[in-house]
Amino acid sequence: SGKYLTISTEGAQVRFNGSEVVGTDDEAYKLAIARHFEEDKLRRVSIRNGLALAKALGRTFVLPPARCFCDKIWNTLKGCRALGAETAHLPFECPMDHIYSVEHWFKYGVDFRPAGFLEDDRVPSRVKNDVVRIKIDDDDDETSAAGDEVLLRPGFTGEQAVKALAKYEDASV
């Protein structure tokens, strides 16, 4: 479409206390599994809402980077890592097919671009730099704007977002 919507990395990933890195000791898999499910829970809501908002705004959704705290393999894992990779760094950036049914997205016409799309050298700088930020916050006003930032209240509807962002409809991102 030439117009995009994305979610910041910070908004699409869980902030864990302490180090993000999962160790390799015999008990590390418990932490890896717990973090993997917590991250997945936030990711599912973020991606669902991002896709819906992008559709309401007539934009292509650019996926935020996704982290995996467990490998996806249909065989033996040790410490949430594939055999032979027991000391591999966790988390790692998830390949799309680890967490999304990409073939269904294509089959049903989901309009998306992979994480990193907006950093690609082939995307013109005029697109990368034409950005309006949306902040979801418990502000006193239902919607308000400050510069190139639009504030929306948690629980906003698609209709409210379209209205709040109407004056920015020509922005690239």
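Which element supplies the largest share of the lining of the largest pocket? Helix α2 does, with 8 residues. The legends below refer to a predicted model.

**Figure 1. Overall view of the predicted chain.** The protein chain contains 6 helices and 10 strands. Along the principal axes, its C-alpha atoms fill a box of roughly 55 × 35 × 30 Å. The chain has 173 residues, of which 33% count as buried. Salt bridges in the structure number 9. F37 and D130 give a sense of scale: their C-alpha atoms are 35 Å apart in space, and the two residues are 93 positions apart in sequence.

Figure 2. The share from α2, 8 residues, is the largest. By residue class, the lining consists of 25 nonpolar, 10 polar and 8 charged residues.

**Figure 3. Close-up of a nonpolar surface patch formed by Y29, I33 and F37.** Together the three residues have about 290 Å² of accessible area. I33 lies in helix α2, which spans residues 28-57, and F37 is also placed in helix α2. I33 counts as partly exposed because its relative accessibility is 33%, a value between the 20% and 50% limits. F37 has a relative accessibility of 56% and therefore counts as exposed, the limit for that class being over 50%.

**Figure 4. Close-up of the salt bridge between K30 and E27.** The closest N and O atoms of this pair are 2.5 Å apart. K30 is partly exposed, at 45% relative accessibility. E27 is likewise partly exposed, with a relative accessibility of 44%. Side chains of opposite charge can pair when their charged atoms come close.

**Figure 5. Close-up of the salt bridge between R43 and D40 in helix α2.** The N and O atoms that come closest are 3.7 Å apart. R43 and D40 are 3 residues apart in the helix, so about one helical turn separates them. R43 is buried, with 5% relative accessible area. D40 counts as buried because its relative accessibility is 17%, and the limit for a buried residue is under 20%.

Figure 6. R122 is exposed, its relative accessible area being 71%, whereas D120 is partly exposed at 24% relative accessibility.

Key. Residues numbered from 1 in each chain as written. Predicted model: local features only at pLDDT ≥ 70, side-chain atom pairs only at ≥ 80, totals over all residues. Heavy atoms only, no water. Patch = residues over 30% accessible without salt bridge, like charges linked within 9 Å, V, L, I, M, F, W, Y side chains within 5 Å. Areas by Shrake-Rupley, 256 points an atom, 1.4 Å probe, with all protein chains shown as cover. Salt bridge = Lys/Arg side-chain N within 4 Å of Asp/Glu carboxyl O. Helix = DSSP H or I, 4+ residues; strand = E, 2+ residues; numbered from the N terminus. Buried < 20%, exposed > 50% of the residue type's maximum accessible area, 1.4 Å probe, protein only. Nonpolar A, V, L, I, M, F, W, Y, C, P; charged D, E, K, R; others polar.
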